[in-house]
Amino acid sequence: MVSPARRAAYETVLRVFEQGAYADRALRTAAASLDQRDRALAQRLAYGTIQRARTLDHAIEELGRRPVRKLDAPVRAALRLGAYELGFMETPRHAAVNESVELVRTARLERAVAFANAVLRRVADGITPLLESLPEGGLKHSYPDWIEQVWTRDLGREEALALMRAQNEPAETVVRLIRGELEGEPTDIPGAYRVDRVDEEALAEGRIWPQSRASQLAGIVVGSREGERILDLCAAPGGKATQLAGDVTAVEKHPGRARELVANAARLGATNVSVVCADALELPAELSGYDRVLVDAPCSGLGVLARRPDLRWRGEPLPELQRGLLRAAADHVRPGGAIVYSVCTINADENESIVDESGLTPEPLGEEWPQFAHPKRPEFLLTLPHHDRTSGFFIARLRC
């Protein structure tokens, strides 16, 4: 009998790697019927397995002596899950092995049951010394080589390793208080509270919004005021848009996400937000002359890997799109207006290089928020998970 949490984790891992599903959405579906305790365990198992996939595959291949890519998908998912429990959790050996083998059996792959059992027993015997023997770097901490190379280039070797370690740890849980009160710890970002867990009732009632301190910082840096016209070019799901004061036009390209944005704004009581379903690169001419524009651009997501474990395997830099969005922002802001460019990544190719190429003039944000000043370019902000305990965001405020 496979436990409900392990079953949900297995289904999540299988969908992420074999069907290209997003981890959070796959888990939400797989764990829908679970109670809070089992849902939390399922998330830990699934996210940890997805996060550590490169290291786990190495262990399975070295100890099990079979190329992971040649395995049937259900067998591969079950072995990864079992190897994660054996290498990174305190699950009793028999439970990790037996339940993972049972997952193979329930997938109607009886011919692979004995094989899975043998591999997992060899993994159980050898994974701890194997992990301890790995040199520091992408294989040990389970990152693609390109991410390790980017962080080493931008931050230096020791900082890159510290960042890799930090983004394998659970992210802090922070919410933005919309109205009322909550049980939580105030933080260094106004309105942001650190909590043990997200209160689902308060969320449903629109009293809070889950949002990292770094993400909330990006919204604050916009500096919007009542009476101003604000344009948010990449607005869904609405966390930053609903932070902003003034008359806010929130743009979202995808109809489904635009509908989600409308619903979120209504739930949070953000009556100043109007949603436009349009491509930010091809906006109607009447959407112009804004006082401030927020470009929270799509990116590789290298600053949110602790919360989005699948991004390390699917994320990629998007400099061309980011350049286009910044040009669009400049076309729709009034002369002398402000543009905030933010991305949830730690990659100079998507961060300072995009701003430098724009020709726009940065404002000295490091003077306003010295604790988050970019270590090499203090006119910008760069939050770093291993220093700031929040997601990694690059933020620049520019004048036209």
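This text leads through a predicted model of a protein chain, from its overall build to a few single residues. Residues are numbered from 1 along each chain as its sequence is written, and side-chain values use heavy atoms, with hydrogens and water left out. Because the model is predicted, local features need pLDDT of at least 70 and side-chain atom pairs count only at pLDDT 80 or more, while totals for chains, interfaces and linings use all residues.

The secondary structure of the chain comes to 18 helices and 12 strands, where helices (H or I, at least four residues) and strands (E, at least two) are DSSP runs numbered from the N terminus. The radius of gyration, taken over C-alpha atoms, is 23 Å, close to the 21 Å that the globule rule (2.2 Å times the number of residues to the power 0.38) gives for 400 residues, so the chain is as compact as a globular protein of that length. Along the principal axes, the C-alpha atoms fill a box of roughly 70 × 45 × 40 Å.

Of the 400 residues, 55% are buried, a term that stands for under 20% relative accessible area, with exposed meaning over 50% and partly exposed in between (1.4 Å probe, protein chains only). Taking contact to mean heavy atoms within 4.5 Å, 70% of the contacts between residues at least 6 apart in sequence join residues at least 24 apart.

Ser-100 belongs to helix H6, which covers residues 93–106, and, leaving aside residues up to four places away in sequence, Ser-100 touches Ala-78, Leu-81, Gly-82, Ala-95 and Leu-120.

The loops hold some particular backbone features. Arg-108, in the loop between H6 and helix H7 (113–133), has a phi near 65 degrees, a positive value in a residue other than glycine, and at 80% relative accessibility Arg-108 counts as exposed. Arg-389 likewise has a positive phi, of about 60 degrees, although it is not a glycine; Arg-389 is placed in the loop between helix H18 (385–388) and strand S12 (394–399), and counts as exposed at 53% relative accessibility. In the loop between strand S5 (229–232) and strand S6 (247–252) lies Pro-237, and the peptide bond that leads from Ala-236 to Pro-237 is cis, with omega near 5 degrees.
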